[in-house]
Amino acid sequence: RVNPKQIDLVKKLISNQNKDERLVVVDPIMGDEGKLYNGMSETNVEIMRGLAAFADVIIPNMTEECYLTKQFLQENTLSQAQAEELILACRKLGSKSVVITSAKIGTENCVIGYDNTTDENFCLEFEHLDIRFPGTGDIFSAVLVADILNEKSLKDATRHAMDTVYQIIVDNKD
């Protein structure tokens, strides 16, 4: 559960940091598979919308993206235009760069995003493995952030994070 007082403290901490020496990454962790996690509410979503304004990079999954932007889709697959609209809607919340996991464009599973340093959208396909492992989102975020701090492009950092999570799942599927 998200505590508004904690979020206010985080916002103050971010505001007090030197903008040239900080990287603010927001992973909303609110829901998946079309619904919010138990204990999450619209209040939590609203708090995350506010925190998104401080993000250099925001990393929602498709469910979280839809809740954040209030753009609930009727279908599980996106057109390229819909994907770009979702990315733009997230940027309108204030996030500079966006990485949306668990997207599906047509028949392809992909991670879609926007890198503000290159002013480019990207779409990276992946093979879906029908296995659930808790914590893969945390690993994805950790690899992504490490690569960004090591000056990889957001697209390259995203690809590396995707490949790392994929390999961990394959190595541990049994």
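# Cavity, pockets and helix packing

Reader: Which element gives the most to the lining of the largest cavity?
Author: In this predicted model, the largest cavity is lined by Q80, A83, E84, I87, I105, I112, N121, F122 and C123. Two elements, β7 (120-125) and α4, each supply at least two residues of that lining. The top contribution to the lining of the largest cavity is 4 residues, and it comes from α4.

Reader: How much space lies in the largest cavity?
Author: The structure holds 1 cavity of 30 Å³ or more. The space in the largest cavity is about 30 Å³.

Reader: How do the residues of the lining of the largest cavity divide by class?
Author: The lining includes Q80, E84 and N121 alongside A83, I87 and F122. Sorted by class, the lining of the largest cavity has 6 nonpolar, 2 polar and 1 charged.

Reader: What are the classes of the residues in the contact of α3 with α4?
Author: α3 passes α4 in a left-handed crossing. On the α3 side the contact is made by M62, E65 and T69, and on the α4 side by L86, I87, A89 and C90. The residues of this contact of α3 with α4 divide into 5 nonpolar, 1 polar and 1 charged.

Reader: Is the crossing of α5 and α6 left-handed or right-handed?
Author: The axes of α5 and α6 cross at roughly 145° and come within 8 Å. The way α5 passes α6 is right-handed.

Reader: By class, what residues has the contact of α5 with α6?
Author: From α5, the contact is made by T136, I139, F140, V143, L144, D147 and I148. From α6, the residues in contact include L154, A157, H160, M162, V165 and I169. By class, the contact of α5 with α6 has 12 nonpolar, 4 polar and 1 charged.

Reader: Which residues of the lining are the closest to the centre of the largest pocket?
Author: The largest pocket has a volume of about 1,600 Å³. It is lined by 45 residues, and the closest to its centre are D32, N61, T101, S102 and R132.

Reader: Which element gives the most to the lining of the largest pocket?
Author: Elements that each supply at least two residues of this lining are α3, β5 (97-105), β6 (108-115), α5 (136-149) and α6 (154-172). By class, the lining of the largest pocket divides into 21 nonpolar, 12 polar and 12 charged residues. With 6 residues, the element that gives the most to the lining of the largest pocket is α6.

Reader: How do the residues of the lining of the second largest pocket divide by class?
Author: The second largest pocket has a volume of about 280 Å³. Its lining has 15 residues, and those nearest its centre are L23, V57, N116, T117 and I148. I148 is also one of the α5 residues in the contact with α6. The lining of the second largest pocket divides into 5 nonpolar, 4 polar and 6 charged.

Definitions and conventions:
Residues numbered from 1 in each chain as written. Predicted model: local features only at pLDDT ≥ 70, side-chain atom pairs only at ≥ 80, totals over all residues. Heavy atoms only, no water. Left-handed = near helix turned anticlockwise from the far one by under 90°. Contact = heavy atoms within 4.5 Å. Nonpolar A, V, L, I, M, F, W, Y, C, P; charged D, E, K, R; others polar. 1 Å grid on protein atoms, 1.4 Å probe; cavity = no way out; pocket = protein on both sides within 12 Å on 5 of 7 lines; lining within 4 Å. Points joined across faces, edges and corners; volume = space filled by probe spheres on them. Axes fitted to C-alpha atoms, helices over the stretch in contact; angles between N-to-C directions.
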